[in-house]
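Hi everyone, thanks for coming. Let me bring the model up on the screen so that we can look at it together.

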Amino acid sequence: MSKLVILKIGEGNFEQGFPVILQIGEEGKPFPPPVQVTGNLPPKPEIIQLYDRWRLKYDNIGDKKRALEKPNKQITNVSIPEDCQAAAQRLSNSLNQWLQSREFLRIRDKLHEEINSSEVVRFFLETEDIQIQRLPWQEWDFFANYNYAEIAVIPRIYKQVKQSIQTQTQVKILAIIGDGTGINIEEDKRLLEELPNANIKFLVEPKRQKINDKLWEEGWDILFFAGHSKTESETGRIYINETDSLTILDLKLALRRAISTGLKIAIFNSCDGLGLARNLAQLHIPQTIVMREPVLDNVAQEFLKYFLREFSQGESFYLAVRKARERLHGLENEYPCASWLPVIYQNPAHQPPLWQDLVAAPLQALEPNNQPAIIQLLPQITGETKNYLTTRTRFLPILIASLLTTGIVLGVRQTGVLEKVELVAFNQLMQLRPEEKPDDRILVVEATEQDINKYSFPLPDGILAQAINKLDQYQPQFIGLDIFREIKREPGHAELVKHFEQNDRLIAVCRVPDSSDLNNPGVLAPPKMPADGVGFADVVIDSDRVLRRHLLFITPEQNSACNSDNAFNVLLAINFLETKGIKPTKTSEGNLQLGNVVFTPLPVEDSTGGYHKIDGWGTQILLNYRASRKIAETVTITQVLNSEINPEMVRGRIVMIGVTGRTAGDYINTPYGEIPGVLVQAHMVSQILSAVLDKRPLMKIWPMLGEILWVWGWSLMGVLLVWLCPSRFVILAIASTSVMLMGSCLILLIQGYWVPVVPSILVLVITSTVVKSNYHNDLTIQNSKS
């Protein structure tokens, strides 16, 4: 579940304080949000003083900023990075003290009460005060604890712009390459040219008229600018060539036109862009990314590289910005505060698109001359029979059209063209399932970012040994250590090895080497760990880098670094079930059976469901994620070491130890967004236990014949809609039936069946649209003749 948070900071100042309203709701739900609480931010004039001191230090670092300034005198007070970092730390500390004040406590408490650390959060800061907008809000300790949250500034006044639907197979980008004096903006151009499925028009040091003309052309998805810019008072200015500059107001009419015809994102990879963002917000553009302060050339290029890579590969707009911004931390020894600079300016009336949303081309929106052959062909077929005087003779060509539509759509599906869209639809349906309770047979002990900062990373062996000792006292059923430990990490190695040798409850992990990836030689099992106590941690990722399948078994290669043929999660689940008297057996086909549940694997390489030419390495099934905000109860490793947990949370459960801090980088894309690897393993354990003990369905795919009949049934439904409904109600009937179709697919998914969604919608819309235009026109002709 994704959350939407709005922090409204009212009229005030740093000498007298600010009134504050917090609203919390769920993405996609109507306003107003169901949670609201009020508070205050007390007077804190020192913040602005600390900001000014930091800005003075920051401005004097580096000489290749994307701000076109012509100083009147020689600069003699050049800062060193350490001075700037020290000033930044003082500003950050003061900001966090302000946000920890007693007057603001109700708002902090409500945030932590309503939002889970594993949830995706879009956090809106609503204020017109440019001084508040300039503060480094991402340094608030709230965001350190919520890894999927990203902040955006929003205006007080906004509205939704009705944008025309464009039909295209590429993302259309208008890229303005402005004045490059003293900087290297050719690198920005190169990064844009590497984008997949992008149609880019470059305007290099253009004149105003050229920009104006191009903005009036229809269909731009993204507006990009690289070069020099600045904010004067609260107005942004860009330098488009060596002699000319523009403000947003200079292009107001052209930009308003571009927004109405589909412009969704503006990116200004240039200096001091808050003025630009504020001016664009007055035109109600959906999303803008700017740099809130002057930006050094290298920093601007690195941010653009990381953001475009994440966004174009399927990451959400907000998380792509957060990941790219956090990657800039690696530059901060040379370029202090680089990660402070990128900021989103959001129109709340619009949802940020995914990259694949920008290339979607609805079939029903195509112009007649550009329609696929199926749409042009069907009216000819249905028009061949001229005798419409009886029901039977009118129905025959329509029935043929239905069969032909079904055949062609399923034929296109077999080529793999629909795979990406079907997988996205699968994600959406998974997210729509009703909430389930956490699995009370599992407890996750997580090493959070705070734990890593406290104990170092990788975690020392002694810390893990102490945690296992503590947990053993509370009598867990089994302990799963989802942390590689092929080499010793002193101190405490000897104590941990003793657990590997003697602790029958303990199950550990290894990694299978990938012969196609020289950077993945595999990871050995922990030293002296019995072979039957080690499982592989490998997972199978789909082509869009999302995990939807559950790898149960493999046959390791000879002399493999990881010799286990059982998944880590499978070992935990099977050992737990054996304590309940349920032992694993094999069916006559060689499939795993636990109790009455048979785990039927996906095919090795054939097309199945929404997959085209599936990579069926090992034994795989679909992963039926638990539809829960959290898969199980979680505690931190520090809480375990300090004996701050209830023993009943551990007794008789499977306890899984893993790292959830971002430093480890063990995050996996799922239909619910990115989640830590240990929580993915917990979902897999829960899937097995729930299927056997709770009769929760495993995810299945219908055989080919069943899918054909299902899709054809919806094609016939489109025919019946046209046949039975008056002409003026057909469009409403098609829309209502599409909703019913989606609801049917959701109900079946809850029951454990993944059925074709996208092909069914396509045949329903195509058949009903074509037959409507043909059938009702012919009836009109017959009536006029009579």
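First, some housekeeping. This is a predicted model, where local features need pLDDT of at least 70 and side-chain atom pairs count only at pLDDT 80 or more, while totals for chains, interfaces and linings use all residues. Residues are numbered from 1 along each chain as its sequence is written, and side-chain values use heavy atoms, with hydrogens and water left out.

Let's start with helix α23, residues 730-750. Helices here are DSSP runs of H or I, at least four residues long, numbered from the N terminus. Helix α22, residues 704-724, packs against α23 at an angle of about 155°, with the axes 10 Å apart. Axes are lines fitted to C-alpha atoms over the stretch in contact, and angles run from 0 to 180 degrees between N-to-C directions. That makes the two roughly antiparallel, a word we use for angles over 145 degrees. Who makes the contact, meaning heavy atoms within 4.5 Å? From α22 the residues include Trp710, Trp714 and Met717, and from α23 they include Ala733, Thr737 and Leu741. The residues of this contact divide into 12 nonpolar, 2 polar and no charged. By nonpolar I mean Ala, Val, Leu, Ile, Met, Phe, Trp, Tyr, Cys and Pro; charged means Asp, Glu, Lys and Arg; the others, Gly among them, are polar.

Helix α23 has another partner, α15, residues 419-432, and their axes come within 10 Å and cross at roughly 70°. That makes α15 roughly perpendicular to α23, which covers 65 to 115 degrees. Phe426, Leu429, Met430 and Leu432 of α15 meet Met742, Cys745, Leu746 and Leu749 of α23. This contact has 8 nonpolar residues, no polar and no charged.

Now look at leucine 741, in α23. Is leucine 741 buried or exposed? Buried, at 0% relative accessibility; the cut-off is under 20% relative accessible area, with a 1.4 Å probe and protein chains only. Beyond four places in sequence, leucine 741 touches Trp714, Val757, Ser760, Ile761 and Leu764.

Over in helix α20, residues 637-641, we find threonine 638. Threonine 638 is buried too, at 14%. The side chains of threonine 638 and tyrosine 455 are joined by a polar contact of 3.4 Å, that is, a pair of N or O atoms within 3.5 Å, one able to donate a hydrogen and the other to accept it, where residues adjacent in sequence count only if both atoms are side-chain atoms.

Thanks, everyone!

Terms used
Buried means under 20% relative accessible area, exposed over 50%, partly exposed in between (1.4 Å probe, protein chains only). Angles under 35 degrees count as roughly parallel, over 145 as roughly antiparallel, 65 to 115 as roughly perpendicular and the rest as oblique. Contact means heavy atoms within 4.5 Å.
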